[in-house]
Amino acid sequence: MFDNLKDKLQTVFSSLGKRGALSESDVDSALREVRLALLEADVALPVVKSFIASIRDKAIGATVLKSVRPDQQVIKIVHDGLIEMLGGEASPLRLDVTPPAVILMAGLQGSGKTTTAGKLAVHLQAKHKKKVMLASLDLSRPAAREQLRALAEQAEAGILPESDTETPVQLTKRAMQAARLQGFDVLILDTAGRLTIDEAMMAELRDIKAAATPDEILLVADSLTGQDAVTTADAFNNAVGVSGIVLTRLDGDARGGAALSMAQTTGCPVKLVGVGEKLDALEAFDPERMAGRILDMGDVVALVEKAAEAIEEEEAMRMAERMASGKFDMNDFLTQIRQLQKMGGLGGLLGMLPGLGKLQKQIAAAGVDDAMVKRQEAIILSMTKKERVQVGLLNASRRKRIAAGSGTSVQDVNKLVKQYQDMARMMKKMGTKSGAAAMKAMLGGGMGGGMGGNSMGGGMPSAEQLSQLQQQMQKSGMPGGGGFNPFGKGGGLPGLGGPPRKK
Amino acid sequence: MSWLKKLTTGLKKSSDKVSSSLSGISLLFGKDKIDAASIEEIEEALILADLGVSVASEIAEGLRARKWQGEVTPDSLREALAEHLTDILLPVEKPLTFQQADGERDLHVILLVGVNGSGKTTTAGKLAARFQAQGRHVVMAAADMFRAAAIEQLSGWGARTDTKVISGERGGDAAALAFRAIDEARADNADVLIIDTAGRLQNRAELMEELAKIIRVIKKQIPEAPHDSLIVLDGTVGQNAIAQMKAFQQTADLTGMVITKLDGTAKGGIVVALAREFGLPVHMVGVGEAAEDLQDFTAHDFAHALVGLSPE
C-alpha cells in the first residue's frame with residue numbers, strides 16, 4: 001500500500017517537472033495520496049484531516065532541495081509533521097513523587113492492560129530500581145486476578161492479596177495503604193476492561209481515580225485499533241483525564257496509526273509500547289520510529305536529509321572560496337564556529353582525517369568547553385551588521401556595548417577580535433593555491449559527516465597537504481602552541497571541542 | 001431483550017455516528033442526484049466506520065451512479081446505503097451449524113484462532129453455552145498454554161456453563177494438549193470439542209508454526225478436523241484485520257469468522273471490507289458480556305444497524 005504511495009506521489013510530480021518551490025497544486029495532489037495512505041494506516045479521519053491541513057500550510061512554498069524530487073520533499077515534510085504530532089521526543093513516566101507513586105491502568109477489554117501491568121513492574125524494577133506492587137481491581141473478567149498474580153510472581157513484584165468481598169474502591173484504598181506500609185516505591189493498579197459507553201463502569205473508574213489520586217493514568221490501547229481509537233481515547237480522557245498512552249502489540253505488523261489518533265485526541269504522549277509477549281518486552285516510545293512506521297518511507301526521508309547535508313557542504317565550499325580570496329568577516333567567523341561545533345569540534349573533524357591521531361590528542365589537551373564557544377557566538381551576535389563586516393569599526397565604546405550585550409567582558413571581546421584578526425591574516429596568507437585547496441578540503445570534505453570527498457573535486461586531502469598547511473601556518477607566525485592551532489593562543493579556540501562528539 | 005434489539009443497541013453508537021455524519025450532508029438532500037462533494041462526505045462517513053478506503057469509495061460510487069426515485073432524503077440515502085451493504089454482506093451470512101449423523105457420534109472439532117486479546121477464550125465459553133443449550137455434549141480444551149491464567153479463565157467458563165475443560169500445565173505443549181483433548185472428548189462421548197488457542201500476532205513466524213503444528217496433530221486424530229477453524233476478530237480492529245485474515249487463512253485454513261466486542265463504540269465496518277476481500281462466512285457477532293450475547297450474524301440487520309436504520 002505504502003509502496004503505492006511512493007509511486008503515486010512520483011506520478012503526481014513527474015508531470016510537473018522540477019521546480020524550486022512546491023506550488024499549491026503540487027501539494028494538493030500529493031496530499032490527497034498522503035491522506036489515503038494515512039487512512040490505510042488506521043489514522044482516524046478527523047486526525048488525518050487536521051494533520052493534512054497543517055502540513056499543507058508548511059508544504060506550500062517550501063523549497064525543494066537540489067537533487068531531491070518534489071515528491072520526496074513532500075514525504076520528508078509529512079514525516080517531520082508526524083514526528084511533531086507524536087510529541088517530538090520520548091516522555092518518561094512521572095515517578096519522582098513521595099512514594100508510593102500510583103499508576104492507574106485503564107482501557108477496553110483485551111487491550112492488554114494486565115500483561116502491560118506485569119511488564120511495567122519488570123520495567124520499573126529493572127530499569128528504575130523501584131520496588132513495585134501490583135494490585136488487581138478487575139472483578140469482572142474470570143481469572144483476571146490469577147493472571148496478575150502469576151505475572152507478579154514472574155516479575156518478582158509485590159501483589160495485593162485478593163479478597164472477594166471488597167469493591168474496586170475498597171481494594172484501591174487497601175492497596176494504597178499496603179504499598180505505603182510495606183515501603184513500595186510504585187503501586188500499579190490494574191482495572192477491569194470497560195466499554196466507554198458503559199456508564200456504570202466509567203463511573204467506577206472515576207471513583208477509583210478519586211480514591212487513588214494516581215500520578216499516572218495510562219490508557220492501554222491496542223495498536224491494531226481502527227477508527228474507533230479516537231472515540232476510545234476521547235471517552236477515557238474525558239472520564240478520568242489520561243496522562244499517557246501505552247500502545248500494545250506493536251510487534252505486530254499494523255502501521256499503528258492509532259498512536260497518532262490517540263496522541264492527537266488526548267494531547268497526551270504515548271509513553272510506552274509493548275513489543276512482544278515476554279515480560280521485558282516493554283519499551284519507551286520513540287516518536288521518530290513511530291512516524292517511520294506509519295509512513296514507512298525511511299529511505300526517502302534519509303535521502304532528503306542527506307541532500308540537506310550536501311547543501312551545508314556547498315555552503316562550506318563557498319566559505320572556503322571566500323577565505324581563499326581574503327574576504328573573511330565576522331559573519332564567516334561565526335559560520336565557522338558553528339560548523340566546527342556541529343561537526344563535533346575541530347577535534348572531531350580531525351579525527352575523521354587519516355593520520356592525524358596525534359594532532360587530535362594535542363587539540364584535546366588544549367580542550368575548550370562548549371560554554372566558551374557559546375560565549376563567542378554571543379559576542380558576534382551582539383555586533384551590528386555593519387560591525388560584523390567592518391571589524392575595524394570596533395572601538396572601545398563599541399566593544400563595551402558588545403560586552404554588555406553578550407553578557408561577557410571587554411577582555412572577552414578583545415580576545416575574540418584578536419582571534420578573528422589572526423584567522424583573517426592566515427586566510428590572506430593562504431591565498432596560495434595549495435593552501436586554498438587544503439583549506440577547502442578540510443572544510444568541504446568534513447561536512448556531512450562523510451569524508452567522502454566528492455565535493456572536493458580531488459579526493460581526500462593527503463596527510464602531506466595537511467602538514468603543509470600546518471607548516472604554512474606556523475611560518476605565517478600563527479601561534480602554534482598546541483600544534484595545529486590556527487585560531488590563536490590561549491583559551492579562545494573556537495570550536496576546538498573536547499572529545500569528538502558523535503553526530 | 002431480543003437478540004435483534006441487542007445487536008441494534010450494540011451497534012447504536014456506531015450507527016449514530018454514521019447517520020449523524022450522513023445527516024450532516026445537507027447539500028445532498030432535496031436534490032435528485034448526489035454531487036461530488038456529498039459523495040466524498042458519504043465516503044468519509046464510511047471510512048469512519050472502518051470500512052476502509054477502497055470499499056468506502058466503491059459504495060459511495062455506487063450511490064452516485066444510482067437512479068434515485070425523486071428527491072434524495074436522509075432516509076432514502078440510508079436505505080440505499082443499507083441495500084449496498086446488505087448486497088456485500090449477504091454472501092457471508094452463514095450461521096454456525098453442523099449435522100451429526102445419528103448413531104455415528106463422531107466428534108465435531110472447533111478451533112479458535114486469532115491475535116491476542118481478540119476474545120477467543122470468551123468466545124469459547126459462549127460457544128459452549130450455546131451448544132449446551134442445544135442439548136449437545138461439549139468439551140473445551142485450554143490450548144493457550146502461554147498467557148498467565150488463560151487456563152483459569154476457560155475453567156471459569158467451564159464452571160459457568162457446566163462444561164468439562166481439558167487443560168495442561170502452563171508453558172506446556174499446546175499440540176500435545178490438543179491431541180489428548182480429542183482422546184478425552186471421544187472417551188467422554190462428546191459431540192463438540194472447542195479448542196481455545198493462544199493469541200498470536202500473525203507476523204510472528206514461530207507462533208504461526210506452533211499453530212500449524214496443533215492443526216497437524218489434530219488431523220492425525222481426525223483427518224477432516226478441525227471441522228470449523230474460526231478466526232476471532234476484535235470489532236475495534238482497523239485495516240490490519242486484512243493482514244490477520246491472510247496469515248491465519250494460510251496457516252489455519254479458516255472456515256469462518258466471529259466478530260467480537262460490537263457492543264461498544266466500535267463500528268465493526270471492517271466486516272464489510274473483509275466480506276468483500278475474502279468472502280469467508282461471518283458466523284457470529286459478540287454484542288455483550290453474557291453468554292447469550294454471541295449472536296448469529298445477519299447481513300440485513302447488520303447493514304441496517306450500521307447506517308442507523310431499524311432492522312425491522
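Helices and strands here are DSSP runs, numbered from the N terminus. The model is predicted.

**View 1. A cis peptide bond in chain A.** P100(A) sits in the loop between α4 (70-85) and β1 (101-106) of chain A. A cis peptide bond links P99(A) to P100(A). Its omega is about 0 degrees.

**View 2. A cis peptide bond in chain B.** The bond from A225(B) to P226(B) is cis. Omega is near -10 degrees. P226(B) belongs to the loop between α8 (205-221) and β5 (228-234) of chain B. Most peptide bonds are trans.

**View 3. Positive phi at T213(A).** T213(A) is not a glycine, yet its phi is positive, about 35 degrees. The residue is in the loop between α8 (199-212) and β5 (216-222) of chain A. T213(A) has 10 C-beta neighbours inside 10 Å and therefore counts as exposed; the cut-off for exposed is 12 or fewer.

**View 4. Positive phi at A149(B).** A149(B), a residue other than glycine, has a positive phi near 70 degrees. Its place is the loop between β2 (138-143) and α6 of chain B. A149(B) counts as buried because 24 C-beta neighbours lie inside 10 Å; buried requires 20 or more.

**View 5. Packing of α2(A) on α3(A).** Helix α2 (residues 24-40) and helix α3 (residues 45-59) of chain A pack at about 150 degrees. Their axes are 10 Å apart. α2(A) and α3(A) are therefore roughly antiparallel, as the angle is over 145 degrees. The crossing of α2(A) and α3(A) is right-handed. From α2(A), V27(A), L31(A), V34(A), R35(A), L38(A) and L39(A) make the contact. From α3(A) come L45(A), V48(A), I52(A), I55(A), R56(A) and A59(A). By class, this contact of α2(A) with α3(A) has 10 nonpolar, 2 charged and no polar residues.

**View 6. Domain 1 against domain 2 in chain B.** Chain B is divided into domain 1 (3-92) and domain 2 (108-298). Their contact takes 19 residues from domain 1 and 23 residues from domain 2. On the domain 1 side, α1 (3-23) and α4 (74-89) of chain B are the elements that give two or more residues. The largest share of that side, 8 residues, comes from α1(B). By class, the domain 1 side has 12 nonpolar, 3 polar and 4 charged residues.

**View 7. Chain B against chain A.** This contact takes 35 residues from chain B and 33 residues from chain A. On the chain B side, the elements giving two or more residues are α2 (36-48), α6 (150-161) and α9 (240-252). The largest share, 4 residues, comes from α6(B). By class, the chain B side has 14 nonpolar, 13 polar and 8 charged residues.

Key
Residues are numbered from 1 along each chain as its sequence is written. Chains are lettered from A and ligands numbered from 1 in the order in which they are written. This is a predicted model: local features need pLDDT of at least 70, side-chain atom pairs count only at pLDDT 80 or more; totals for chains, interfaces and linings use all residues. Two residues are in contact if their C-beta atoms, placed from the backbone, lie within 7 Å. Ala, Val, Leu, Ile, Met, Phe, Trp, Tyr, Cys and Pro count as nonpolar, Asp, Glu, Lys and Arg as charged, and the others, Gly among them, as polar. Domain bounds come from an automatic or database domain assignment. Axes are lines fitted to C-alpha atoms, for helices over the stretch in contact, and angles run from 0 to 180 degrees between N-to-C directions. Angles under 35 degrees count as roughly parallel, over 145 as roughly antiparallel, 65 to 115 as roughly perpendicular and the rest as oblique. A crossing is left-handed if the near helix is turned anticlockwise from the far one by less than a right angle, and right-handed if clockwise.
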